[in-house]
Amino acid sequence: MNFAAGAIPSMSKLPGIFAQPLAKSFVTVVLSTIVLILICFVFAPSSMSTGALKGSLPFAAVIAIVGLGQLLVVQQGGFDLSLAGSVSLGVVVATHYPQQDDALLWQAVLVAFSFAFAAGLTNGILVSLFRLNAIIATLGVNALLYAGVFAVSGGVPSITTNLLGNIAGGETLGLPNSVYFALAALLIVSFMLKKTVVGRRFEAVGANPLAARASGLHVKRHQLLAYVFAQLLYCVAGILIAGITREPTAYQGDSLLLPSVAVVVLGGTSLLGGRGFPISTVIASFFLNQLSQFALAVGVPYSAQTIIQALALGFGISAYSVRWTGSASKQTTKLEKMEDVK
Amino acid sequence: MTFKILKLAAATAVLALGSANAALAEVPSWCGPKKATIALLDGYGGNSWRQVTTASGKQTAELCPSITKYEYADGQGDTQKAISDIKGMAAKGVDALVVFGDAGPAVLPAITSVFKAGKVIVPYRVNVGGKEGENYTKFIGSSFVDDGASWGNWIKGVLPKGGNVLFLSGPAGNSQGLDELKGLKSVLGAEYKFLNAEPFDVTNWDPALTQKVLTAEIAKNDKIDVIVSDFGPSLVGALPLFNKSGRSIPALATSDGNSLGCFWTDNQNAQNKDFKLFTVATGNDNVRLAVQWAVAKATGGKDPEAQIFKAPAFEDSTKGKVQCRKDLPGAIYLSSELPAEDQAKAVGK
């Protein structure tokens, strides 16, 4: 078994949604999710009831959307810590700007997206053009974004508009609307990455920037794009949270940073960059969210809930990152590549 | 002309004297003659409750003319910052400090060092450990046990034969939740079954987490008769989940908030026949008593009589008293002594 992240070998020749061979990471995350669902049915059937799913799926959708954003950055060997500030800014702009006036909502959404675009551009320029370390650059931008959060909200929550509440928190055909947003984000990201020239180049640049440059690709432009699109996705997530939670706090993004990285890794994308797995990332979001619902539903003490989640995450991540049967030579190439990226 | 000016001057003098008399008459007994400065130190100032509380503290300090300056610092949920704020204010020469020690005993060493340096320091609401006269001047707690008992008594009235109770509080192990549980258990017998994990379901007082927790509990329990929560407004986002699964919102024993009062008012229909509401005052005025004590000690005034803040019962829908001000933000607390309009200003609308 070789669950190495970023490995491309095909598991089978079944035609997938995008007519590609199924990746091992996809199979792993789907199997883990099925096992989790079975465990839920046996030990905490209430967590699989319609009511529970309708209540928890919106949160899974939000994790999926921020996960897709983080995925794009991770594919370029980067890391986006400004996610927390960005989501929080999306939340406060969407709630404070309209102050419960439906008519102002669309303007608020536009303002939120312009902030996100500016933040993404800043991140991208710092990382790709000025060659700053992604962690440092995005940490700085995160502080800037939080300054924006305080400027807009003063750190105080505001109640969301009814319109946004209906759009983000409502249901269509029995499914929470936020799920459709997540699916749309997934479709767009998948299509762009896997079916367009830009997307194919994007993955190539992430896999090996040096080789990509040698073959005449605009490495910096692709890296910059990753940060911009990531921010736009965080912004969507922030606006959704503003609608799902009636009175969101000004720090709602903080609790999403770790899950966003976790679902990217669980989805099988290498933290060193390269090929991305959007569908696996979205399924991993469901997995992670369902795991916390399971822990809540079995009714164990809070400490045990945290331990259950940590164990499952540790298990999931080790399934990919430890090379159970990996050869020494492959390990070296991976390390060399790490040097190159640095 | 001269006569007119004289008349005006006389009138002004009378007015000035009169208002000076009035001001003198209004000086409360806890305000002594010694000049002093005072600071309010928050461990975490990022919600409307804290903003209203800060404004209330300021208003109380302003009642005393001997107070020359009122300062404020926000620890932003960072224990390190809270500690350096406390020490920094003392180093700046502030005479009296009123501290909301969110981090609990972690801020006690800083409080003790300030006390030893001869300052007046009054921690309030959150128990920081330590002893009066040894670690700080005075601790002004809030009687959360009484809150729990008030809820318990109301629940007994609404559900005399017992029922299923779901109790939600903030971060794991917070002393407020534990005290409230003590109060609840002192009133409610074994016929009232607690559905939550021991001692309470953890929500961190975060509306998103509250929503997730409530989702799981609603799915797990077919019959929830009453929800008890110490932060009522954080439930508002999650309560419609009951209707989504075709059930009535159950009875609610909690603390007040304008958004909650309005939510109750908007949801009085046939589907929600069990939705009764009881609130205790959310306790913004706890800070007033703490400021009064700090000012009394720093200016040489008379100590206030109350040693502990008792939140009065505020709304009871079974007696027809639920307040909602639709024209004002949801994030204000009508139980607070601070006028609703001033609160709206404090929370930024």
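Reply: Residues are numbered from 1 along each chain as its sequence is written, while chains are lettered from A and ligands numbered from 1 in the order in which they are written. This is a predicted model, in which local features need pLDDT of at least 70 and side-chain atom pairs count only at pLDDT 80 or more, whereas totals for chains, interfaces and linings use all residues. Here pLDDT is the predictor's confidence in each residue, from 0 to 100, and the model scores ipTM 0.74 and pTM 0.77.

Is F130(A) buried or exposed? F130(A) is exposed because 8 other C-beta atoms lie within 10 Å; a residue is buried if 20 or more other C-beta atoms, placed from the backbone, lie within 10 Å of its own, exposed if 12 or fewer, and partly exposed in between.

The phi of R131(A) is near 55 degrees, a positive value in a residue other than glycine. Most residues other than glycine have a negative phi, and most peptide bonds are trans.

R125(B) is found in the loop between β4 (120-123) and α5 (144-158) of chain B, and R125(B) is buried because 23 other C-beta atoms lie within 10 Å. In chain B, too, a cis peptide bond joins E198(B) and P199(B), with an omega of about -15 degrees, and P199(B) lies in the loop between β6 (192-194) and β7 (201-202) of chain B.

The chains meet in a contact that takes 32 residues from chain A and 32 residues from chain B, two residues being in contact if their C-beta atoms, placed from the backbone, lie within 7 Å. On the side of chain A that touches chain B, the elements that give two or more residues are α2 (50-75) and α12 (278-297) of chain A, and α2(A) gives the most, with six residues.

As for chain B as a whole, its secondary structure comes to eleven helices and eleven strands, and buried residues make up 54% of its 349 residues. Chain B averages a pLDDT of 87, and 92% of the residues score at least 70. Over residues 17-23 of chain B, however, the pLDDT is below 50, and this stretch has zero contacts in the model beyond near neighbours in sequence. Where pLDDT is low, the predicted coordinates should not be read in detail.

Among the strands of chain B, β1 (residues 36-42) and β2 (residues 67-74) pair in the parallel sense over seven bridges, pairing being called when DSSP finds at least two bridges between two strands. In β2(B), I67(B) is the bridge partner of A36(B). With helix α2 (residues 48-62) of chain B, β1(B) and β2(B) make a right-handed β-α-β unit; right-handed is said of a crossover if, with the strands pointing away from the viewer, the path from the first strand over the helix to the second runs clockwise.

Strand β9 (residues 251-255) of chain B is mostly covered, with five of its five residues buried. Three bridges join β9(B) to strand β8 (residues 226-229) of chain B in a parallel run, and V228(B) stands opposite A253(B) in β9(B). β9(B) also pairs in the parallel sense with strand β10 (residues 277-280) of chain B, over four bridges, and T279(B) in β10(B) is the bridge partner of T254(B). From β9(B) the chain crosses through helix α9 (residues 258-266) of chain B to β10(B), in a β-α-β crossover that is right-handed.
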